[in-house]
Amino acid sequence: FLIPLILFIFSFILRLSLISKGAFNVDTLFILTQAEKTLQTLQLQYSYGFGFPGTVILASIFIFTLGLLSVHDSVFAFNFMSAFFSSLSIPVLYLIVKKLFDPLTALLGAVLLSFLPSFLGLSVYGNTHTPCLFFLLLGILLLLLYKDSGEKGHIILSAISVGLMGGSRLQDMFFMLIPLGYLLYSIHKKNTQSSLTKNLILFLPLSLGVAFALHIPIAIDNLSNYQGNLSSYWELGVTNLYKGFYPKALQHSLNIALFNFTALGIIGSALGLCLLFRKSFKTAVFLFLWFLVPYSFYGNLSSTTSRFLVISFLPMAIALAFLLGNALQNRRLLKYVYILIFASILLIPFNRIYPVLNFRHHYDPIGDFARWVKDNTPPGSIIITADDGPFLGYYGKRRFIYQLASVYSPIKAEQFANFKSAIDKLLLEGKNIYVTGTGIFANNPDDRFYKFLLENYDLFFVGGRMINNFHLGEIYEDLFFNELLRIKQKS
């Protein structure tokens, strides 16, 4: 266990040295606020969509534990949680690849994952993906242990781990049930079909049962509200974003893969999978399904980002490690060439992501903007903004109202009328109303909301700060000037 321990320590130190100063995106704040409420009420709270109860519980534990150690910063605690679970994932992947292949391939795969830009980017801020991936890898490892031991206890523990994965990200668990079901089939030794059936009957219901057990309380507590959340989540995440085979989205997904692996790395991963089909067909099918099933959905999303693709990048890293491991062991005369290739595949992407993560380690532009808004608006002010609103609520302590958006469908006249009525009422009550630059221009490609504000109100420039565009994902950094304007009745 010396090598896994060294891998964990190295990965953890690397991640702590780059841990984000603030909350990177709104999803972080959604989970974080629910974790804080969970500790305050001692009743499990749920976030948007499926609720992500597993992540809320884990975030609550880390916030509470670090609080006992006099670290009273919930954002840091949640970011620390991701650094911890992502670091734990590295030695678990090492043990998986070691069981599948050999120690050298395992070491190469673990190092590749530790430095993989999208995974490293996820590792330094609080999110649902890092515990999800950890429990997935742990579940796979336990299934491989069952292959050696034949003990049902390993299947039970694996199912529980996969269920906890579902507690963190239920959708990712659903995507992985096909690859995991195939893995259980591929490691089945006995000739009797009934034994395999029993294992599947044990694994699938137990894993689903653990996942659903974490989601049931919210459904019981407020079924209609939960159904509404799921309906809204489905509309935003699937109906509006998933169009089936979508070449433009696949091109963007390929660009993200190139950022992570380089062209040489992607070619090496494909060659490694081809080689594996010759040497270990069942293992190759498992890795291919692991890549293909989630990628078929996330890779075709019109607004996909790198964090959604990490689950498909893991088998790519394993396949690449398999190719390089075979090359280093079987072609020793060229080993220095292969070492150089491995180093380039590892360090070129890392050189791209390091400045981005190092910047976020020292600066928190969007959080600083929210604090600046707090300092430059009277208490009780209301801010019209886009989906960066939770930052204004959490850091700026200001109530916010979402803009009218036309990104998916045109804004209707009735919506404009209702919005104007609400703003006019607030102004008559003496409320101080402001709008941000993102509130004016974001999610409005036709500028109709901007024109609506100009036609109905006077806008007065207050100031502004640089903020980061978190929509691009953790591997990119895009800073732009976000202004704040005061809204008053038309003179």
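**Around helix α18**

Visitor: Hi! What covers the buried residues of α18?

Guide: The cover includes β1 (382-385), β2 (399-402), β3 (433-436), α20 (448-456), β4 (457-468) and β5 (479-489). Contact here means heavy atoms within 4.5 Å. This is a predicted model, where local features need pLDDT of at least 70, side-chain atom pairs count only at pLDDT 80 or more, and totals for chains, interfaces and linings use all residues. Residues are numbered from 1 along each chain as its sequence is written, and side-chain values use heavy atoms, leaving out hydrogens and water.

Visitor: And which residues of α18 are buried?

Guide: Phe416, Phe419, Ile423, Asp424, Leu426 and Leu427 (buried is under 20% relative accessible area, exposed over 50%, partly exposed in between, with a 1.4 Å probe and protein chains only). They cover an arc of only 160° around the axis, which puts them on the same side of α18; the arc is taken from the directions from helix axis to C-beta atoms.

Visitor: Which ones are exposed on the other side?

Guide: Glu414, Lys425 and Leu428.

Visitor: How many residues does α18 have?

Guide: There are 16, spanning 413-428, and α18 reaches 22 Å from first C-alpha to last, close to the 22 Å expected at 1.5 Å a residue. The expected span is 1.5 Å times one less than the number of residues. Helices are DSSP runs of H or I, at least four residues, and strands are runs of E, at least two, numbered from the N terminus.

Visitor: What comes just after α18?

Guide: Glycine 430, with a positive phi of about 90°.

Visitor: Is cysteine 132 buried or exposed?

Guide: Cysteine 132 is buried, at 1% relative accessible area, while cysteine 274 is partly exposed, at 49%.
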